[in-house]
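Q: I have a structure open and would like to go through it with you. Could we begin with its surface and then turn to the details?

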Amino acid sequence: MMITGGGRPTAAAMEDREAEKQKQEQEVAELYEKLKETMTALLEVRDQERLDKLCSGYNEINNRNLIFTSEQNALLIKAATLIADTELAFAKKLKYDDRRAHIVRGLSWYNDAAEKGGRAARKKMAIVYRDGSYGWERDLEKAYEYFCSSAKDGDSYSQLYAGLILLLTNAGESDNRGQRAFAYLEQAAENGQVRAMFYCARMLEEGDGVPKDRTGAARYKKMLEGRGLDMELMEAKEQLITARSALQYDIERVRFVDEDDQEIFVPLF
């Protein structure tokens, strides 16, 4: 590249750079159109050939060293999510090791969509990171990050678990953990999550991370009573959930059986 004194590009070099940039952007735009067509085809008929074409088209665009527009990024999220959904759809038709392979690939595509900001994918991967299920490495920090992202969108399940991770584990933000946990649980409780109602009542009653407030605790207890529940029953339920979660984490959870078998592994999401 020719440069003038001081190291600045010449006008001609700047024009060449801009022309190259426009050429790449045009090429990417054309690839996006092909990607849209492949996505439509895959939605119509979910077969391996169409899936492979969509994967190839996605990678060809995604590997470009360009800054994507918000519209282009949204399309990449849709494509990655569609690939993940298709992999899991294939998995449901298969057994054992073949099924496992599709699930692993599907989760990898969900994770890619989540990294790009995909809302649905973030919630799904938050659950996988929380549980360390399907052979995926457990990562409560990542689970918390994704639950927080979904919580901001008003998802009550994510609000609940963002609060529980802060309250019951060492993951998440270190400052004002009790207050932050209560804020998420309060949102979840107001949106109908009964576990959040229980924890809000207990935190206020015991002054756990927040100032004691018997009036506030009574309010959440009343909300539970409206659902036919009380603190004693919820305490027993929480102990059962804790024991079951610990057991599930210790057991190899990726077990695939025939649909006619009485012991069927819980399906993804």
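A: The model is a predicted one. The accessible surface of the protein comes to about 16000 Å², and carbon and sulfur atoms contribute 48% of that area.

Q: And what share of the residues counts as buried?

A: Of the 269 residues of the protein, 39% count as buried.

Q: What is the secondary structure made of?

A: The protein has 11 helices and zero strands.

Q: How much of the contact in the protein is between residues 24 or more positions apart?

A: Among contacts with a separation of 6 or more, 55% join residues 24 or more positions apart.

Q: Let us look at a helix pair. How do α5 and α7 cross?

A: The axes of α5 (residues 119-131) and α7 come within 11 Å and cross at roughly 35°. The crossing of α5 and α7 is left-handed.

Q: Which residues make that contact?

A: Helix α5 contributes Lys123, Ile127 and Arg130, while α7 contributes Tyr157, Ser158 and Tyr161. By class, the contact of α5 with α7 has three nonpolar, one polar and two charged residues.

Q: Now Phe147, please. Where is it found, and is it buried or exposed?

A: Phe147 is found in helix α6, which spans residues 140-152. Phe147 counts as buried because its relative accessibility is 0%, and the cut-off for buried is under 20%.

Q: What does Phe147 touch, leaving out residues up to four places away in sequence?

A: Phe147 touches Ala126, Ile127, Arg130, Tyr157, Ser158, Tyr161, Ala162 and Ile165. As for Ser158, its C-alpha is 4.7 Å from that of Phe147, with the two residues 11 apart in sequence.

Q: Another topic: what is the phi of Asn176, and where is that residue?

A: Phi of Asn176 is near 50°, a positive value in a residue other than glycine. Asn176 is found in the loop between α7 (156-168) and α8 (177-190).

Q: Finally, confidence. What is the average pLDDT?

A: The protein averages a pLDDT of 84, and 86% of the residues score at least 70.

Q: Where is the pLDDT under 50?

A: Residues 1-5 stay under 50, and the model gives them 10 contacts beyond four places in sequence. Residues 250-267 are also below 50; that stretch has 26 contacts in the model beyond near neighbours in sequence. Where pLDDT is low, the predicted coordinates should not be read in detail.

Definitions and conventions. Residues numbered from 1 in each chain as written. Predicted model: local features only at pLDDT ≥ 70, side-chain atom pairs only at ≥ 80, totals over all residues. Heavy atoms only, no water. Helix = DSSP H or I, 4+ residues; strand = E, 2+ residues; numbered from the N terminus. Axes fitted to C-alpha atoms, helices over the stretch in contact; angles between N-to-C directions. Left-handed = near helix turned anticlockwise from the far one by under 90°. Contact = heavy atoms within 4.5 Å. Nonpolar A, V, L, I, M, F, W, Y, C, P; charged D, E, K, R; others polar. pLDDT = per-residue confidence, 0-100. Buried < 20%, exposed > 50% of the residue type's maximum accessible area, 1.4 Å probe, protein only. Areas by Shrake-Rupley, 256 points an atom, 1.4 Å probe, with all protein chains shown as cover.
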